[in-house]
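Let me put the thing on the screen and we'll go through it together.

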Amino acid sequence: MSLTVSVIIPAYNSLLTIERALTSVMRQTLQPVEMIVVDDGSQDGTADFVRNKFPAVVLIEQENAGAAAARNRGVAAAQGELVAFLDSDDLWHSQKLAIQLDTFEQFPELTMVSTRCKCLPQEQWPEFCAHPESLIANVETLKINFNQVFSSPFLATPSVVMRKSNFLALGGFDTTLETAEDVDLWLRGAYFGNYALVNAPLTIVVEQQGSLSDRARISPYGQHLAVIKQFCSDKRFGFAFRWWVLPKTKSSIYCQWGSTLIRIGRPTEAFKKVTFSLLSMPSVRGIYLWFKALMLMLKRN
C-alpha cells in the first residue's frame, strides 16, 4: 500500500500568493490525501479566498501565533502518514511529491526527505512553470549523515517531507524560538532518525522583498548558535564531533554572520563576529573577512 501525504501550508496575509502555492500542489503528478491551510490570523481576506476558491482545501483558522505554531496545528490535524510543508509564497515542481514518496518507498528507514531549492525573483516564476523539465534530469538521492546535517542544517522548510509519527515524537517545531525553529527540528530529526536529500531543485522559493526569508537575513545566526548549544548540552558526542564538527560549524556561522554584516555596512560588528569565527576554528575565508572588516573600520575612521 502506497504511503499517503498531507500538505501543510501556514498562511498569514497571503492573499496575493496563496493561489500560486495551492495551484502548484494541485498540479502534482502524485496528489496528496489532503491540503491543509492554517490561516494564522490574516487580516487581508486570505481565509475567505481559500474557502471560496479552493473548497476542497481543509482550512483551519487561528489567532496569530507564528508559522511554527501554524505548522504544528496543521500536522496535528493531518490524516496522511507523511507531512509535506509548503510556504504560502512558494511553489513546487510538478513531480516533487512523487519523487519524494518514491524515495520513502525505496528506503523505508528514512524519516525525512528534502530536495534542493531554486530561488527565483517574483517576475520569473511563471517562466519556470512553463519550462520545468530541465530540473529533473538525472535525479539522485543522497543519504546524509548527522554530522553533515549538523554542519549545514539549512533544509528549506518547503522542501521537506517527514513522517508524521516522527514529527509528533519530536514535539514538532519549537514555538518558543523566534527564528531557527526549523534548524532545531531538522537537527533533532537527523539525530533521532534518517535523512536523505533528493539532489534536484524541486522546491521553488520566490524572492519577495519583505518576505520571511528577506527579513531573516541577519537574525537567525544568533538563534542558530543558541539552538546548537542547547542541542549539544544533553548529548554525548565523540572526540571528532567535539573537536572538529562543532567548532567548524560555529566558525562557519560566525563567518556567514560577519559576511552579512559587511554587506549591509556594519564593519565593526562584522569584525567582532569574524573574530569569534577565527577563535572557533581558523579558515581562509575567516581571515579574509577579518582583514576586510578591519580595512573598512579603518577607512571609516
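This is a predicted model: local features need pLDDT of at least 70, side-chain atom pairs count only at pLDDT 80 or more; totals for chains, interfaces and linings use all residues.

Two packed helices are described by the angle between their axes and the distance between the axes. Here, H1, residues 18-26, packs against H2, residues 46-53, at about 35°, and the axes are 11 Å apart. The crossing of H1 past H2 is right-handed. Who makes the contact? From H1 you've got Ile18, Glu19 and Leu22, and from H2 there's Phe49, Val50 and Lys53. By type, that contact is four nonpolar residues and two charged, with no polar ones.

Okay, strands. Look at S6, residues 112-121. With S9, residues 195-207, S6 pairs parallel, over 10 bridges.

Last bit, the backbone. Most residues other than glycine have a negative phi, and most peptide bonds are trans. Now check asparagine 13, in the loop between S1 and H1: its phi is positive, about 50°. Alanine 180, in the loop between H7 and H8, has a positive phi too, about 65°.

Are these two buried or exposed? Asparagine 13 is partly exposed, at 33% relative accessible area. Alanine 180 is at 6%, and the cut-off is under 20%, so alanine 180 counts as buried.

Technical notes: Residues are numbered from 1 along each chain as its sequence is written. Side-chain values use heavy atoms; hydrogens and water are left out. Axes are lines fitted to C-alpha atoms, for helices over the stretch in contact, and angles run from 0 to 180 degrees between N-to-C directions. Helices (H or I, at least four residues) and strands (E, at least two) are DSSP runs, numbered from the N terminus. A crossing is left-handed if the near helix is turned anticlockwise from the far one by less than a right angle, and right-handed if clockwise. Contact means heavy atoms within 4.5 Å. Ala, Val, Leu, Ile, Met, Phe, Trp, Tyr, Cys and Pro count as nonpolar, Asp, Glu, Lys and Arg as charged, and the others, Gly among them, as polar. Two strands pair if DSSP finds at least two bridges between them. Buried means under 20% relative accessible area, exposed over 50%, partly exposed in between (1.4 Å probe, protein chains only).
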